[in-house]
Amino acid sequence: QVQLVESGGGLVQAGDSLRLSCAASGHTASTPVMGWFRQAPGKEREFVAATSWSGSFTYYLNSVKGRFTISRDPANNTVYLQMNSLKPEDTAVYYCAADQYDRGQYYYARSGMEYWGKGTLVTVSS
């Protein structure tokens with residue numbers, strides 16, 4: 001079993017930056033793939049980014065490419081989402097997630113991952 005705890009959300013102005021953290025615990029070796037999703041009020045869950053503990057791949061939602069960066073620190077079982085040039089449309093609850101396999105970006109976008117954190121709220125004002 002794997003536990004995921006997000007932190008770093010908050011209220012910021014458009015154009016600001018924010019870094020989210022996801023602390024993973026338990027049998028983290030069983031979930032080599034880590035990702036971030038978000039859900040805005042009244043909208044469906046949206047895939048944001050994913051990577052592996054080994055750093056063998058990265059996936060990004062097109063609308064965040066060039067602005068968001070996913071990174072990881074395997075020694076400390078921590079995954080980050082650096083968010084720059086934030087826009088009001090980025091406002092959402094952001095969820096950390098984990099999976100046993102590299103199933104591909106479009107699988108994750110459609111079906112999510114196996115394990116989920118409780119989420120952290122990011123609000124971007126204009």
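Guide: Glu6 stands opposite Cys22 in strand β3. Six bridges join β1 to β3, and these two strands run antiparallel. A strand here is a DSSP run of E with at least two residues, numbered from the N terminus, and two strands pair if DSSP finds at least two bridges between them. In general, strands of a sheet pair through backbone hydrogen bonds, either parallel or antiparallel.

Before we go on, a word on the source: this is a predicted model, in which local features need pLDDT of at least 70, side-chain atom pairs count only at pLDDT 80 or more, and totals for chains, interfaces and linings use all residues. Residues are numbered from 1 along each chain as its sequence is written, and side-chain values use heavy atoms, with hydrogens and water left out.

Now follow β3, residues 18–26, across to its other neighbour: six bridges join β3 to β8, residues 78–83, again in antiparallel fashion. Along this pairing, Leu20 stands opposite Leu81, while Leu18 has Met83 as its bridge partner.

Step back and you can see an open sheet of four strands in the order β1-β3-β8-β7, with antiparallel pairing. Its edge strands are β1 (2–7) and β7 (68–73), each of which pairs on one side only. From one strand to the next, the twist averages 20 degrees; the angles run from 0 to 180 degrees between N-to-C directions, with axes as lines fitted to C-alpha atoms.
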